[in-house]
Amino acid sequence: MTDRIERPRGIHAGRTLAEALWFPAALFLGLLFCFAPALHAPQPHHAKVVVAHRAQERRVDTALQRRHPDGFDVTAVADARAARRAVLDRDAVAGYVAERRQGVLYVAKANGMSLEQALTKDFSELVAHDHRTLKVTEVAPTVRKDQMGTTLVYFGVAWSIPGYILATTLLRAVTFNRRRKLLTIAGVAALFSIVGFLIGVRLDYIPDEPSALPIAFLLTAAVATFASGVAPFTRQYFPAVGMGLFIVLSVPTSGVAAAPMLPTFFQYMNAVMPLANAVDALRGAVYFNGAGVLRPVLVLCAWIATGVALLGLDAWRHHRRTVRAGAQDEMDEMDEMDDIAEPPVEDPAVETPTPTALPVHHHHFGEPVPMLTGTVRDTEQQPVRHAAVTVMDTGGRQLVRTTTNASGEYAVTGLSEGYISVVVSSRGRHPVVHQKLLRSGAAARADFTMRDRPDGESSRVLSNGIDPHMMRG
């Protein structure tokens, strides 16, 4: 007898192709339209610069606007000391003082080498026009091995993206309630922040400033908590939402190019994204004596609070549904609908297919496609409800176990190619076993007809749903 190999009924090849391609296509376009515009040839956009003495303000502003329209916002301060202090307090990215024979430019490499180089170039041209030389004074130098002023960005990425991955792996921890998941997030965030900080200090990549630890903790916790909270609401689209937020939008705006060097849209993203705010806070903590740390820390706390609120909203949603229908009524309703809970959301970037029982209903876009389906009926062709369906590999190892719904139907996905054994058992009926061959790109179907046991015959079955008499045979 030849096994029937069928495509899933009602799912066309075009739709299957669209479901397979939409996520990589969206990721491709997102990376293309975010990374290149943000990081290719960055130019100043409304970079704040202070000039000592009001008499110099208009002249410097006019000269800079001629080179970069809307590139700089120039304001005047009282003297050279105030110009230097404005850079240290992070009120400006540069301070300029016009002296008789030279111009003095106060800059901070901690803001990023690309910004410092752009400022040096523009002010060198400005003083050359006045037949002066330019003296560049560094007020916030980085550690020796951070020559580009971007190492904190890379540590931020290391604390951020694993937080998103942590949220995806916790989706599979079905025995953990929300409280345990939040405690796990807190523990992992604390561990990552300590280990990352110690490695960075030991390798001389970041300064030995312990105030970086709570910022690193907040970053990992913010990403993981928000991702965990948003997952139940985005379901199969969670990977696109997560990677879109924490990779596509976060990395270009993180500080690889300093915020004043980003186009306007990406400056707005820089102001709200967790990675960018963490890098901003880290720079303030380790290089600027805490200047400008409060606002980005509050933004990180807001991401955590939003994630906790989403988790609470999901809990309230489930509680309300239970109260409305009543516990028993809800169970009956679930039995009538599909008898199988929805599988956990999986991130295709980090998860491999695993054998999973699926609810039997009309296929929705983005949901897993059944690889094995079938119907269990009795000798009068009536559906057998709650029949146990066990799928095993050729070595007898159980892969997945499910039950039939009210129509006697079942569905399974995540199986590997090759032969499998499908065993069906139900109290008061003889168990039945079929061997099926699964092939890539096709779905197998295994239908069963179960005969009633004669009165007095043992109906004892093993815990995996297999009759011991059948095992001996």
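This is a predicted model: local features need pLDDT of at least 70, side-chain atom pairs count only at pLDDT 80 or more; totals for chains, interfaces and linings use all residues.
Residues are numbered from 1 along each chain as its sequence is written, and side-chain values use heavy atoms, with hydrogens and water left out.

Visitor: How many salt bridges does a search of the whole structure find?
Guide: A salt bridge is a side-chain nitrogen of Lys or Arg within 4 Å of a carboxyl oxygen of Asp or Glu. With that criterion, the search of the whole structure gives 10 salt bridges.

Visitor: What is the N to O distance in the salt bridge of R144 and D204?
Guide: R144 is exposed at 57% relative accessibility (buried is under 20% relative accessible area, exposed over 50%, partly exposed in between, with a 1.4 Å probe and protein chains only). D204 is partly exposed at 26%. The N to O distance between their side chains is 3.8 Å.

Visitor: Why does the pair R144 and D204 tie together parts that are apart in sequence?
Guide: R144 belongs to the loop between β6 (133-138) and α5, and D204 to the loop between α6 and α7, so the parts tied together are apart in sequence by 60 residues. Helices (H or I, at least four residues) and strands (E, at least two) are DSSP runs, numbered from the N terminus.

Visitor: About how many helical turns separate R54 and E57?
Guide: The side chains of R54 and E57 form a salt bridge at 3.3 Å, N to O. Both residues are in helix α2 (residues 54-67), and they are three residues apart, so their separation is about one helical turn.

Visitor: What accessible area do L191, V195, I199, L203 and Y205 have together?
Guide: These residues form a nonpolar patch on the surface. Patches are made of residues with over 30% relative accessible area and no salt bridge, like charges being joined within 9 Å and nonpolar side chains (Val, Leu, Ile, Met, Phe, Trp, Tyr) within 5 Å. Accessible areas come from the Shrake-Rupley method with a 1.4 Å probe, and for residues only the protein chains shown count as cover. The area of L191, V195, I199, L203 and Y205 together is about 410 Å².

Visitor: What distance separates the C-alpha atoms of C301 and L218?
Guide: C301 lies in helix α11 (residues 294-325) and is partly exposed, at 34% relative accessible area. Along the chain, C301 and L218 are 83 residues apart. Their C-alpha atoms are separated by 7.1 Å.
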